[in-house]
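Student: Can we go through this structure together? I'd like to start with the overall fold and then look at single residues.

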Amino acid sequence: QVQLVESGGGLVQPGGSLRLSCAASGTIFSINAMGWYRQAPGKQRELVAAATNGGSTNYADSVKGRFTISRDNAKNTVYLQMDSLKPEDTAVYYCKAIARPRRWDLSRDYWGQGTQVTVSS
C-alpha cells in the first residue's frame, strides 16, 4: 500500500513562511494527483491546493497568491510553500495522494497523518 509522511509544520509568526513536504512510499504503480488539505478546530477539512501529474494546479481562494504547490514526480513528493501566513491559516495540514498501488488496482485516496501549522505572535 501507499504511505504518506508529512514534515515541515511548526509555529510561525504572522507574515512568516513555512514549507511542507509530503513523501509517498510503499507499493506505488502510479500517482494521479497529490494535494494538501487542512482542518482547523471545529471546522471541516478543506482543500488547500492540489496538483495533477499533468502539471495542473488549483488553490483555495483563501490561499491564492500566498501558497504554492509543487511536485517532484521522480521522488513521489509534493511540497507546499506557504508565505505571508495569517493566524487563520492555523490548522492541521494533511497530504493526500490519489494513487494505484499496483497496475491492476483502482485509484483510491491515501492520507498522511497530518502536521500542525500554528500562526501566532
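**Fold, core and selected residues**

Tutor: From the N terminus on, the elements of the protein run β-β-β-β-β-β-β-β-β-β-β. Keep in mind that this is a predicted model.

Student: How many helices and how many strands does the protein have?

Tutor: There are zero helices and eleven strands.

Student: What does the C-alpha trace span along its principal axes?

Tutor: About 50 × 25 × 25 Å.

Student: And what does the radius of gyration of the protein say about a compact globule?

Tutor: The protein has a radius of gyration of 14 Å, and a compact globule with 121 residues would have one near 14 Å, so the two agree.

Student: What share of the 121 residues is buried?

Tutor: Buried residues account for 41% of the 121 residues.

Student: Which residues have the most contacts inside the largest nonpolar core?

Tutor: Those are Leu4, Met34, Trp36, Leu80, Met82 and Tyr93, in a core that has 30 residues. Two or more residues of this core come from each of strand E1 (2–7), strand E3 (18–26), strand E4 (30–39), strand E5 (46–52), strand E7 (67–72), strand E8 (77–82), strand E9 (91–100) and strand E11 (115–119).

Student: Which element gives the most to this core?

Tutor: E9, with five residues. In soluble globular proteins, nonpolar side chains tend to be buried together.

Student: Take Leu80. What does Leu80 touch, not counting residues up to four places away in sequence?

Tutor: Leu80 touches Leu18, Arg19, Leu20, Trp36, Val48, Ala49, Phe67, Thr68, Ile69 and Tyr93.

Student: What about contacts across the sequence in general, say between residues at least 6 apart?

Tutor: Of those contacts, 56% join residues at least 24 apart.

Student: What separates the C-alpha atoms of Ser70 and Ile28?

Tutor: 19 Å, with the two residues 42 apart along the chain.

Student: Now the backbone. What is the phi of Asn76?

Tutor: Asn76 has a positive phi of about 50 degrees, though it is not a glycine. Most residues other than glycine have a negative phi.

Student: Where is Asn76 found?

Tutor: In the loop between E7 and E8. Asn76 counts as partly exposed, at 25% relative accessibility.

Student: Then Ser84: what is its phi, and where is Ser84 found?

Tutor: Phi of Ser84 is near 50 degrees, again a positive value in a residue other than glycine. Ser84 sits in the loop between E8 and E9. With a relative accessible area of 40%, Ser84 is partly exposed.

Student: Last topic, charges. How many positive and negative charges are there, and what is the distance between their mean positions?

Tutor: The protein has 14 positive and 9 negative charges, and their mean positions are 6 Å apart.

Methods: Residues are numbered from 1 along each chain as its sequence is written. This is a predicted model: local features need pLDDT of at least 70, side-chain atom pairs count only at pLDDT 80 or more; totals for chains, interfaces and linings use all residues. Side-chain values use heavy atoms; hydrogens and water are left out. A nonpolar core is a set of buried Ala, Val, Leu, Ile, Met, Phe, Trp, Tyr and Cys residues joined through side-chain atoms within 4.5 Å. Buried means under 20% relative accessible area, exposed over 50%, partly exposed in between (1.4 Å probe, protein chains only). Helices (H or I, at least four residues) and strands (E, at least two) are DSSP runs, numbered from the N terminus. Contact means heavy atoms within 4.5 Å. The radius of gyration is taken over C-alpha atoms; the globule rule is 2.2 Å times the number of residues to the power 0.38. Lys and Arg count as positive and Asp and Glu as negative; His and the chain ends are not counted. The place of a charge is taken as NZ of Lys, CZ of Arg, CG of Asp or CD of Glu.
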